[in-house]
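Reader: Please present the model, and then let us discuss its side-chain contacts and helix packing.

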Amino acid sequence: MNRYLRAAWPFGLSGAGLCLLGFLTMYALDVEPLSMNLILGYVFIPVFVFFGIKSFRDGYNGGSLYFSQGMSVGFFVYTLMALIAALYVYVFLHLEPQAFDTFRQINLSLMEDNREVLLEQLNENAYTETLASLSAMSILDVATNDFLRKIFPGLFFTIIISIILKRTVKS
């Protein structure tokens, strides 16, 4: 297990660092950073999972890789990225409460602007409940959402990448 962590650690930290850099860049450019952070995660997660698994295969495992080994390394990479990203979102929103208020207001405005479409797709009760839950959203909810939106794509990409990079060395 230790070599899985050693192979995953630099890629998980680097990926989380790039997500943080992108997040801060978006904030500095006055672009709503929370939504863009999710997009950055979708771009960075497969890249860092790929290189983490490839690094394990080539540097720690003598050129061979079983599917389960790729899944383990990939899990550590994307979980580390998701944990660190959720942590900096949580800390950032506590330090910059106006960013949280802006994020919530954008989502509430989006719900109001698309009211007719949403009412056609949902019923009135579901729309009202969703609007109420958005109004009651907390900083922890946003950080948890960010974490989950990195974990599930990470699992998906890890499965695909583990299959692609799977290789057994014939003796």
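Reader: Is Arg 57 buried or exposed?

Author: This is a predicted model, in which local features need pLDDT of at least 70, side-chain atom pairs count only at pLDDT 80 or more, and totals for chains, interfaces and linings use all residues. Residues are numbered from 1 along each chain as its sequence is written, and side-chain values use heavy atoms, without hydrogens and water. Buried means under 20% relative accessible area, exposed over 50%, and partly exposed in between (1.4 Å probe, protein chains only). Because its relative accessible area is 7%, Arg 57 is buried.

Reader: Which residue meets the side chain of Arg 57 in a salt bridge?

Author: A salt bridge is a side-chain nitrogen of Lys or Arg within 4 Å of a carboxyl oxygen of Asp or Glu. The partner of Arg 57 lies at 2.9 Å, N to O, and that partner is partly exposed, at 38% relative accessibility. The residue is Asp 58.

Reader: Which residue forms a salt bridge with Asp 146?

Author: The closest N and O atoms are 3.0 Å apart. Both residues lie in helix H7, four residues apart, about one turn of the helix; helices are DSSP runs (H or I, at least four residues), numbered from the N terminus.

Reader: At what angle do the axes of helices H1 and H2 cross?

Author: Axes are lines fitted to C-alpha atoms, for helices over the stretch in contact, and angles run from 0 to 180 degrees between N-to-C directions. The axes of H1 (residues 2-28) and H2 (residues 33-60) come within 8 Å and cross at roughly 155°.

Methods
Helix = DSSP H or I, 4+ residues; strand = E, 2+ residues; numbered from the N terminus.
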